[in-house]
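Work through the exercises below with the sequence and the structure at hand, and try each task before reading its solution.

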Amino acid sequence: MKLGLLLLAALPIATYAQDSIKVNSSDKYPNTFSSGSANVQPFDNKARRFNDWSISIGGGAAFMPHADLTSFYDGKVNWGYNAYISLDKQISHVFGISLIYQRGETNQKAKLPGAAGAVAGVGEANTKYNQLALMGDVNFSNLLRRVDNHSPYRWAFHGYAGIGVMGYNTSLHDNDQFRWSNNPRRVPLFIEQDFDINSIFYQFGFGVKYKVSKLIDIEARTMYILSGDDEFDGGGNADPADYNPASNNPKYNMINKSRSDNMWTVNLGLSFKLGKHPSHLAWHDPLQEAYYRTNVLENAATDFVVCEKGDNDNDGVCDDWDRELNTPAGARVDGAGVALDMDLDGVIDLYDKCVTVPGPVENNGCPTK
């Protein structure tokens, strides 16, 4: 019996408690677990505040500085060219990623040591290449920026690193084995490398961007390419005999001990920012935005009006929140502007001759004997 009464008494409490904490399913924003903030928005394209896509093009000089045959020989520079086009996606204000296609040509020279060099003379090589890479972009100016909103933000320092595949064609000419000759029969050395797993390369570098307008950026960029390939400079096939001092093969690939012919490019380019928003995410600095909003709040002139409607009964309580607008002059009032009646007998203290003892109005608030 007692157990039944206990369960009967607990049932309404349990029902109310269950109803008070239950979560209702809803597909509306804010979600059922939020506090109802009006700032919660769906994460979609309509909620975006910045553009985050761009197309970049550029070009400039290309050199083979660290290889067996180099672009810097005998105090002279053998110039080459490089051009690129990329599709860029900004992931955050600090990091972006690019799919970049690069095409170019380098020219290099070298001379074999000893008697072989005296016979062959100065070997001249040419490399024509095509590269496709995935490249990361770190905006160091946004990462390290610590300035207020009064400073112009039109320059940005970027760092790049990426990996890709390449194909190339090389040629090597000298006055001995790699020359055009019918007697004996000899031809220059030509090497062709297709795009495949054996042509992976790495690149890294940095650039300085200048914001011309909301649509265009100018950039000066320099990149260093690690080919991982000893044939990239045109020095010959990387076969065992090419590294064997006892073989009769020309030893161009042994001029430099490194088995990776590396390239260097210096380019000037343009970035065209895509989208309809006023600014691009790469030029957005959250810290700068915080400074700006703080500055706006600090310099905002706030008009605080007290007693906009006045105090017509002069009781010290503004009419905006006065509950008794016709308080008699001289009467003490509470915070709502109502005249005090300490003994609650209907006679305000101003007219009550017995303030602490209730009495009728006819007797000025004093009790009758």
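## Exercise 1: a pocket and its lining

The second largest pocket holds about 200 Å³ of space, in what is a predicted model. Find how many residues line this pocket, and sort the lining by class.

Solution. Begin with the count: 17 residues line the second largest pocket, and those nearest its centre are L112, A116, N249, P250 and K251. Then turn to the classes, where the lining divides into 10 nonpolar, 4 polar and 3 charged residues.

## Exercise 2: the partners of strand β7

Determine which strands pair with β7 (residues 155-173), among them β6, and name a residue pair for each.

Solution. Start with strand β6 (residues 122-139), which runs antiparallel to β7 and is joined to it by 16 bridges; here A133 stands opposite G164 of β7. Next take strand β11 (residues 200-211), which pairs with β7 in the antiparallel sense over 11 bridges, with W155 opposite Y210 in β11. Finally, strand β10 (residues 189-193) is also antiparallel to β7 and is joined to it by 5 bridges, and in this pairing T170 has I191 of β10 as its bridge partner.

## Exercise 3: the chain as a whole

Describe the protein chain by its helices and strands, its buried share and its contacts.

Solution. First, the protein chain contains 4 helices and 13 strands. Second, of its 369 residues, 38% are buried, taking buried to mean under 20% relative accessible area. Third, among contacts between residues at least 6 apart in sequence, 59% join residues at least 24 apart.

Methods. Residues numbered from 1 in each chain as written. Predicted model: local features only at pLDDT ≥ 70, side-chain atom pairs only at ≥ 80, totals over all residues. Heavy atoms only, no water. 1 Å grid on protein atoms, 1.4 Å probe; cavity = no way out; pocket = protein on both sides within 12 Å on 5 of 7 lines; lining within 4 Å. Points joined across faces, edges and corners; volume = space filled by probe spheres on them. Nonpolar A, V, L, I, M, F, W, Y, C, P; charged D, E, K, R; others polar. Pairing = 2+ DSSP bridges. Helix = DSSP H or I, 4+ residues; strand = E, 2+ residues; numbered from the N terminus. Buried < 20%, exposed > 50% of the residue type's maximum accessible area, 1.4 Å probe, protein only. Contact = heavy atoms within 4.5 Å.
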